[in-house]
Amino acid sequence: MAAIATTPYKFPPHYSFPPFFTLQPVAATRASQLASWSAHIQAYCRHHRRFQLSLIDALDTDLFWNRKLGKRLALRDARDVVNYMCGAEGGHRAEWVDGDKKKGGGDGEAAQAWIYWRRPEEWASLIEGWVDATGQKNTVLTLYELTESDATASQEFHGMDAELLQKSLQVLVKRGRAQVFGSEDSLGVKFF
Amino acid sequence: MGNSGSTPKISAQDKAILDMKNQRDKLHQYQKKIIVITNRETEIAKECLKRGDKRRALLALRRKKYQESLLQKTDSQLAQLETLTSDVEFALVQKDVLFGLQQGTSVLKEIHKEMGGLENVEKLMGENEEAQAYQREISEMLAGRMSNQDEDEVEDELDALEKEMNGTKLPENLPDAPTKLERMSHHCHDEHAGHGGHDHGDHGHVHDHSDDITPALQSLLYEQVDFSSVNTLNEETPRAGAAILQKTWAQRLDPEPELASDADEQLLMFVPFTGQVRLHAILVRTSTTDSAPKTLKVFLNRDDLDFGTASDLQPTQTFELSQTNDIQEVPVKRALFNTTRSLTLFFEDNFGQGEEDVTRISYLAFKGEFMKLNKEPVNFLYEAAANPADHKVKGTSALGMGSGIGGPGGGGGGI
C-alpha cells in the first residue's frame, strides 16, 4: 500500500540525538520532545503516504529506530507520543482506531492509530476544491473513482485510504455540501 | 445501506447513474487484472524459452492472446457504458433546462394576467392621453391669468408716466406772481407727486429722487397733514406756518419760506391730520442764533387753545430744543401719542432770554405711522361736503383701482 518514495525521507536533526529516544522527566523539555516526535511522525507518514500506523510494526522501522545510533523508542513511550498527538495539545493529529486509547494489558495486538498529517476536515476541503475546479458539482461520483481513477492521479487524495475518505466525506455531509448514498460495497457521492 | 435512507437530494436518476458508474469501475478493475495476467504470461514465456521448453512457452503466449481478446471486448463494453452514462447525465441537464423554460413561461403568463391583458393596456393609454390634454388646458388657463397680471403692471406704468408728464408742466405755472403763496403750495405738492412715480394707494411712504446722501425717511408723515387747516397764531407772514410744513424732505434746508413770530417770541401752531396717526418724532430746523426756539410744549387732540390756556394747561409733553442749523429729530413718548388726530405746538420762548422778540423756524415735519383704516371715511365725508364733482370721480377711481386716492383730491380742493 505504501508508495515507493522517489527521494529518501529526510530525518530531523534531533533524530541523531540519543536523548531524543528517551522521554524526558522535565516537563518543559518533555513537551518540546513530544512536539518534535509528533512532527517527525507526521512528516514520515506523509512522505510514505501512510494513513494508519501499527505501533508494534512501526517500532521495527526507522521511524522509531535509529540503527546507527543503536537507539529506539520504547513501546510505552511510543504510546505516550500518540496519546499526546490525539489531544488538543497535540493538535488532534492522531486518533486511536476502535477505542484502543489508553488500554491496559493485551495492548500489543490492537495498537492501531490514524496519523492525521492531514485531518479529515482538510481532506474534505481538498476534495471539494477539486470537484469544483473540474466542474463536477451536482454530479454523481463513485468513491472508487475519487481515489483510484486516472482523473485524480495528480491529486493528493489519490490512493487515499478508503475509510479515511469516508470520514472526510462525512464532514462534507454534515456541512450539507455532499450526500453519500448507494449500497455497502458500491458507495457513491453527489456534491452540491 | 447505511446512508441510503433519508436522502431527499438524491433522485432515482442519481442512483441509476451511480449503478452505471460502479459497473464502469468494475470494468476498469477487471482491465487492470487482465493487464497483470498478460504481463505475467509474458514473463512465463520468457522463462520457458530460457529453459528450452518451447511447448510451454507457446502455451503461455496462447493464454496471453486470449486475455488480450477479453481486454478488447471489455474496452467495447466500457465505451458503451460510458456513452450511456453521459447520455443519461445530459438528459438530466436537458430536463432541468426544460423545467426552467416552463417556469419562465408560467411567470410571464402570470405577469400578463396581472397587467390585465392587451385591452386593459389600451384603455390605460387612452385615459393617460385624456389626462394630459386636460392638464394642457389647465396650464393655458393659468397662462391667461398671468397675462392679466401683466396688463395690470402695464397700467401702473402708464399712470406713473402720466405723473411724470404732469410734473414737466409745472414751469408754465410759475410766473403768476399775484397769488404767490397758493402757487407755491401747488408747486410743492405736484413736484412731490411727480417724483413719487408709484401707486398712490401706498400713503405710508414718501419718496424723492434727489441727490441727497441721506436715505429717504420712510415714515415721514407728509401726506397725512391737513395743510389747509393748519393755523398759526402770532405768525408774522400769513400761512407761513403751513408753508414750512409743506416743504418736502428735499427742501428741508431751504432758508425760505420761514416762520417768524410777530408781536413777541411766542408761537402757537395747530396741526390737524387727515386721519389718525401714531406719532414717533418731531423734526425741526432752527438756527444757532437767539431766534431759535427753546421750549416746545405739545398738546394732543385739542383745537381750542390760545396763548392763555396753553400757558395754564399741562401739556402732553414738553421738549427742550437745541441751537443748531441741522435738522433736530425730537423723539416723543409714543405711548402718549398713539391716537394722534391733531397737535398743538406751543413755542413758549427762545434762546434770547427775553432780549430777542422774534422766534424763527425754517422746517417742521413729523415721523410716525398712519392707520389707513381711519382715512377713507374722513376723506369721503370731507369731499362730499366740499365738492360733489370730485366725489363722483373719486368713487369711479376707487372702484376701478381698489385704492384710496383722496389725499391729492383733498389738496386740489384746498387750492
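Analyst: Helices are DSSP runs of H or I with at least four residues, numbered from the N terminus. The model is predicted, so local features need pLDDT of at least 70 and side-chain atom pairs 80 or more, while totals use all residues. Residues count from 1 along each chain, chains are lettered from A, and side-chain values use heavy atoms without hydrogens or water.

Within helix H3 of chain B, B:Lys123 and B:Glu127 stand four residues apart, about one turn of the helix. They form a salt bridge whose closest N and O atoms are 3.3 Å apart, the term meaning a Lys or Arg side-chain nitrogen within 4 Å of an Asp or Glu carboxyl oxygen. B:Lys123 counts as exposed because its relative accessibility is 52%, whereas B:Glu127, at 39%, counts as partly exposed (buried is under 20%, exposed over 50%, partly exposed in between, with a 1.4 Å probe and protein chains only).

A second pair in chain B joins B:Glu89 and B:Lys21, whose side chains meet in a salt bridge with an N to O distance of 3.3 Å. B:Glu89 belongs to helix H2 (residues 54-115) and B:Lys21 to helix H1 of chain B, so this contact ties together parts of the chain that are 68 residues apart in sequence. The two partners fall into separate accessibility classes: B:Lys21 is buried, with 5% relative accessibility, while B:Glu89 is partly exposed at 26%. Helix H1 of chain B, which spans residues 12-50 and has 39 residues, is followed by B:Gly52, a residue whose phi is positive, near 75 degrees.

In chain A, the side chains of A:Asp80 and A:Arg30 also meet in a salt bridge, here at 3.9 Å from N to O. This pair links distant parts of its chain, since A:Asp80 lies in helix H3 (residues 75-86) of chain A and A:Arg30 in helix H1 (residues 27-47) of chain A, 50 residues apart. A:Asp80 counts as partly exposed because its relative accessibility is 29%, and A:Arg30, likewise with 29%, counts as partly exposed. Elsewhere in chain A, A:Arg49, A:Arg118 and A:Glu156 are linked in a network of salt bridges.

Conventions: Helices (H or I, at least four residues) and strands (E, at least two) are DSSP runs, numbered from the N terminus. The expected span of a helix is 1.5 Å times one less than its number of residues.
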